[in-house]
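I opened my notebook to look up a few things about rings and pockets. Here is the structure I had on my screen.

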Amino acid sequence: MKKWFSLVIMASLLVLAACGDDDGELEEIVLADADWNSIKVHNAIMQNIMEYGYGFETDTLSGSTPNTVQGLRDGDINVYSEVWTDNIREVYEEAIDAGEIIEVSINFDDNEQGLYVPTYVIEGDEERGIEPLAPGLETVEDLADYPEVFQDPEDNDMGRIVNGPSGWAVNETIVEKIEYYGLDEMYNIMSPGSDAALVSSLASAYESGEPWVGYYWSPTWVTASYDITLLEDNPYDEEVWQETRGTEFPPNDVTVAVHEDFPEQAPEVYEFLQNYETSTALTEEALVHILEEDASPEEAAVYWMELHEDLWTDWVPEDVAESVKEELGI
């Protein structure tokens, strides 16, 4: 009986070994979609190249920042096209140190984020007939002087600061920053349910010429299209930042990262991703196209690839580039 059992176990192991005795390549590459437009555009650019240049099926897995990062660590997600590393520094470095993920390249590193106001709130807008409402507003700390300007429509005794969506890692950071400056005593914090709701809040106020203060970042079509001002903060100091968030946001390398197994599963695609590099200005071109043409991120990606053929074709071998161009009609 023991001998028979041992033979069964051995046969099972052989079957398992046979199942893994292939080249290890993926049939489908899954990318993280953390629900903001720039990551959707970069995903679409990558997917066009992965599908039409390298012959892979692709898909995206949507979720909050913590969930998608965990998905990358677990291998449910293969590629993360836009990791805002300093928003998740501890988790990111932990995953890299554990060998669970690999930082492949820096997508862009010239971005900004923090609390913004429409510039007309500070300077007015003569053309639109808007008078300055907070002419002395320069810093985050200065918001303490203007809660009545940014009055919460649901609580007349308090101002309102619009945060990032509750599922975003930066949401907690903004709460800590507001508490550090004591602004929570005079402002309510509103956390919209999604990127679209955050955009709607700002866009509605801007088009109406109303005051608004809240979290935003670049690159976005909003920062490219609207005249908004990033409020100044104390110069970045890592120790102060880690303790209180009482400085400007740290320099933020926005990276491309992959699961630890990806280099062996798709070596040619991995090599392509090592060359992937854009900038805030380049990314915003696609985002403005979404706004002006009512385009989808996928359509904006094709527009961007046609506009910057000289850039992305340098990321891949010539035959791959030609195949992608043929499929996209570029």
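My entries below go from the ground rules to aromatic rings, then to pockets, and end with one alanine.

**Ground rules.** I am working with a predicted model, where local features need pLDDT of at least 70, side-chain atom pairs count only at pLDDT 80 or more, and totals for chains, interfaces and linings use all residues. Residues are numbered from 1 along each chain as its sequence is written, and side-chain values use heavy atoms, with hydrogens and water left out.

**Aromatic rings.** I looked up the aromatic pairs and found 17. W241 and F249 have ring centres 5.0 Å apart and planes at 55 degrees, so I noted this pair as tilted. For pairing, the centres of Phe, Tyr or Trp rings (for Trp, the six-membered ring) must lie within 6.5 Å; planes under 30 degrees apart are stacked, over 60 edge-to-face, and the rest tilted.

Are W241 and F249 buried or exposed? W241 is buried at 3% relative accessibility, and F249 is buried at 10%. Buried means under 20% relative accessible area, exposed over 50%, and partly exposed in between, with a 1.4 Å probe and protein chains only. I also found W241 and F249 in one aromatic cluster with W36, W168, Y215, Y216, W217 and Y236.

**Pockets.** I wrote down the rule before the results. On a 1 Å grid over the protein atoms alone, a pocket is an open set of points where a 1.4 Å probe fits, with protein on both sides within 12 Å along at least five of seven lines; lining residues have an atom within 4 Å of a point. A volume is the space filled by probe spheres set on the points, which are joined across faces, edges and corners.

The largest pocket holds about 500 Å³. Its lining has 23 residues, with N87, I88, R89, A169 and R245 nearest the centre.

The second largest pocket comes to about 300 Å³. It is lined by 18 residues, and E112, Q113, L230, E248 and F249 are the closest to its centre.

**One alanine.** Leaving out residues up to four places away in sequence, A205 touches Y120, E210, P211 and W212, where contact means heavy atoms within 4.5 Å. A205 and A95 are 110 residues apart in sequence and 40 Å apart in space, C-alpha to C-alpha.
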